[in-house]
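Subject: Handing over the structure

Hello,

Here is the structure I promised to pass on.

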Amino acid sequence: MPFDVAKWNGTWKQGGRSDNYPQIMQKLGLSAEAIQKFQESEMTMDTSLSGDVLTVKVDFIGKTVTNTNTLGVEGVEEGITGKKTQSIWTMDGDCLVALYPNFDGNGLVVSQKRSFVDDNKMLIEMKAGDLEGWVEHVRC
């Protein structure tokens, strides 16, 4: 069964995370202060999949960002920090995968693999270069 994009809609906050989650986020260029804000804040997701076109709207820490990508096709995505980067989104079984082949402009490969644990919890497995970890998002 493919990843249920509609189930991603709603308001989420961080739950559990791997011990090295802060190091992964630092590798992505976030300060300790920004990482703390990410851990404490809620985000509202409005997502849809029409054919192979995925649209993700995120309201988070007072900002709204909307990205539209065609599954399997490289596109440009704007992050919540305003940074734009190349991304490729795909479905892998019951997971939605985002690959950032050159996240920092210096060759850092980043991936995020999302899957639902249940209707109210999502697991995001993350890789940033040689670091691997995870974070859970729980529905509010």
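Below is what turned up, starting with the pocket and the core and then going residue by residue.

First, some ground rules. This is a predicted model, in which local features need pLDDT of at least 70 and side-chain atom pairs count only at pLDDT 80 or more, while totals for chains, interfaces and linings use all residues. Residues are numbered from 1 along each chain as its sequence is written, and side-chain values use heavy atoms, with hydrogens and water left out.

**The largest pocket**

Rolling a probe the size of a water molecule over the atoms shows where empty space is left. Here a pocket is an open set of points on a 1 Å grid over the protein atoms alone, where a 1.4 Å probe fits and protein lies on both sides within 12 Å along at least five of seven lines. The largest pocket has a volume of about 850 Å³, a volume being the space filled by probe spheres set on the points, which are joined across faces, edges and corners.

Its lining is made up of 35 residues, where a lining residue has an atom within 4 Å of a point. Nearest the centre of the pocket are F38, G79, I80, Q112 and R114. By class, the lining has 22 nonpolar, nine polar and four charged residues. In this scheme Ala, Val, Leu, Ile, Met, Phe, Trp, Tyr, Cys and Pro count as nonpolar, Asp, Glu, Lys and Arg as charged, and the others, Gly among them, as polar. Strand β3 (residues 53–60) gives the most to the lining, with four residues. Strands (E, at least two residues) and helices (H or I, at least four) are DSSP runs, numbered from the N terminus.

**The nonpolar core**

A nonpolar core is a set of buried Ala, Val, Leu, Ile, Met, Phe, Trp, Tyr and Cys residues joined through side-chain atoms within 4.5 Å. Buried means under 20% relative accessible area, exposed over 50%, and partly exposed in between, with a 1.4 Å probe and protein chains only. The largest core has 33 residues, and W8, M25, L28, W89 and M126 touch the most other members. Elements that each supply at least two residues of this core include α1 (21–27), α2 (32–40), β7 (95–100) and β9 (121–128).

W89 is worth a look on screen. Beyond its neighbours within four places in sequence, W89 is in contact (heavy atoms within 4.5 Å) with residues including W8, L54, N69, Y100 and R114.

**Buried residues**

I24 sits in helix α1 and counts as buried because its relative accessible area is 0%. Leaving out residues up to four places away in sequence, I24 touches M126, A128, L131, E132 and G133.

Two asparagines belong to strand β4. N67 lies in this strand (residues 63–70) and is buried at 12% relative accessible area. The side chain of N67 reaches the backbone nitrogen of E78 at 2.8 Å. N69 is also found in β4, and is buried with 4% relative accessibility. The side chain of N69 makes a polar contact with that of S87 (3.3 Å). A polar contact is a pair of N or O atoms within 3.5 Å; within protein, one must be able to donate a hydrogen and the other to accept it, and residues adjacent in sequence count only if both atoms are side-chain atoms.

Q14, in strand β1 (residues 10–17), is buried with a relative accessible area of 11%. Its side chain makes a polar contact with the side chain of Y21 (2.7 Å).

S115 is found in strand β8 and is buried, with a relative accessible area of 11%.

**Around the β3–β4 loop**

I61 lies in the loop between β3 and β4. Phi of I61 is near 45 degrees, a positive value in a residue other than glycine. At 32% relative accessibility, I61 is partly exposed.

T64 lies in strand β4, and its side chain makes a polar contact with the side chain of D59 (2.3 Å).

Best wishes
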